Amino acid sequence: MSETDAADGPPPFEEPFSSDDVEQRIYGTILQTREPTTASAIADSADCDPKTARKYLGWFDDLGIVTRHDGHPATYERNDAYFEWRRINQLAADHSVEDLQDRVRELTTRITEYEEAYDAASPAAVDAVAAAEASDEQTIDDVYSDLADWATAHEERDRYERARQQRTGSEREQASG
C-alpha cells in the first residue's frame, strides 16, 4: 500500500483523530461522550493538554454543544438537544416545504400501518413475545425489527414536521417582510 492510499483511507482505529487539529479531536471526543466527563479525561482521549481542553470545552459550552456541570472537578457532556436542533435546521435548509410534507405523509402512513398491524397506539404498547407467538409469519426478531422501525418512524416524523414548521414560518416571514 502506498502512502497516498493510506492517506485516503480512514485513520487507524487506535488513533481516530490523529490527523485532526486539537479542536476537532476534542469535538470528536465530545461526540462519543455519553456521560459527564472531566476535562482531563477528554484531554487524554483527545491527546492534548487539559488546559487546552478546558478552553475548547468552555467555547463549546458557550455554543451549546456541551453542557457543563459544576463540581470539583467540573464535568462536560454532549448536549443532545443541540444536535437535534442542528439536524432539524439542516432538514429545513435542504428540503422544500413540499418535500418535507411528503416525507411527513410517508412516515404517517408507515406509522398507521404498524398501529393497525399490531393493534396498538405505539411500539411501547406491544408485547413483542406475545405478538411473535401469535403469528405464524413473524419471528421475535421480525417483531423487534418492526417495533424499532416504528419507533424510528415516529422520531423521524417529528423531526420532519418540526423542519416543515420552521421552513413554513421562515417563508411566511420572507413573504410578509
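Predicted model: local features only at pLDDT ≥ 70, side-chain atom pairs only at ≥ 80, totals over all residues.
Biologist: Let's start with H2 and H4. Why are they called roughly perpendicular?

Modeller: The axes of H2 (residues 22-32) and H4 (residues 50-63) cross at roughly 65° and come within 10 Å. Angles of 65 to 115 degrees count as roughly perpendicular, so that is the label H2 and H4 get. The crossing of H2 with H4 is right-handed.

Biologist: Which residues of H2 and H4 meet there?

Modeller: From H2 you have Val22, Glu23, Ile26, Tyr27 and Ile30, and from H4 Thr52, Ala53, Tyr56, Leu57, Trp59 and Phe60. By type, that contact holds 9 nonpolar residues, 1 polar and 1 charged.

Biologist: And what makes H2 roughly perpendicular to H3?

Modeller: Again the angle: H2 and H3 (residues 39-46) pack at about 115°, with axes 9 Å apart. The range for roughly perpendicular is 65 to 115 degrees, and therefore H2 counts as roughly perpendicular to H3. Arg25, Ile26, Thr29 and Ile30 of H2 touch Ile42, Ser45 and Ala46 of H3. Those residues split into 4 nonpolar, 2 polar and 1 charged.

Biologist: On to charges. How do you know that Glu106 and Arg103 form a salt bridge?

Modeller: The closest N and O atoms of Glu106 and Arg103 are 3.0 Å apart. A salt bridge needs the nitrogen within 4 Å of the carboxyl oxygen, so the pair qualifies. Glu106 and Arg103 are 3 residues apart in H6 (residues 97-118), about one helical turn.

Biologist: What other salt bridge does Arg103 make, with Glu156?

Modeller: The side chains of Glu156 and Arg103 meet at 2.7 Å, N to O. Glu156 sits in H8 (residues 140-176) and Arg103 in H6, so this pair, 53 residues apart, links distant parts of the chain. Glu156 is buried as well, at 18%.

Biologist: What makes Arg110 and Asp149 a tie between separate parts of the sequence?

Modeller: Their salt bridge spans 3.1 Å, N to O. Arg110 lies in H6 and Asp149 in H8, so the pair ties together parts 39 residues apart. Arg110, at 24%, is partly exposed, and Asp149, at 27%, is partly exposed too.

Biologist: How many salt bridges are found in the whole structure?

Modeller: The search turns up 9.

Conventions: Residues numbered from 1 in each chain as written. Heavy atoms only, no water. Axes fitted to C-alpha atoms, helices over the stretch in contact; angles between N-to-C directions. Helix = DSSP H or I, 4+ residues; strand = E, 2+ residues; numbered from the N terminus. Parallel < 35°, antiparallel > 145°, perpendicular 65-115°, else oblique. Left-handed = near helix turned anticlockwise from the far one by under 90°. Contact = heavy atoms within 4.5 Å. Nonpolar A, V, L, I, M, F, W, Y, C, P; charged D, E, K, R; others polar. Buried < 20%, exposed > 50% of the residue type's maximum accessible area, 1.4 Å probe, protein only.
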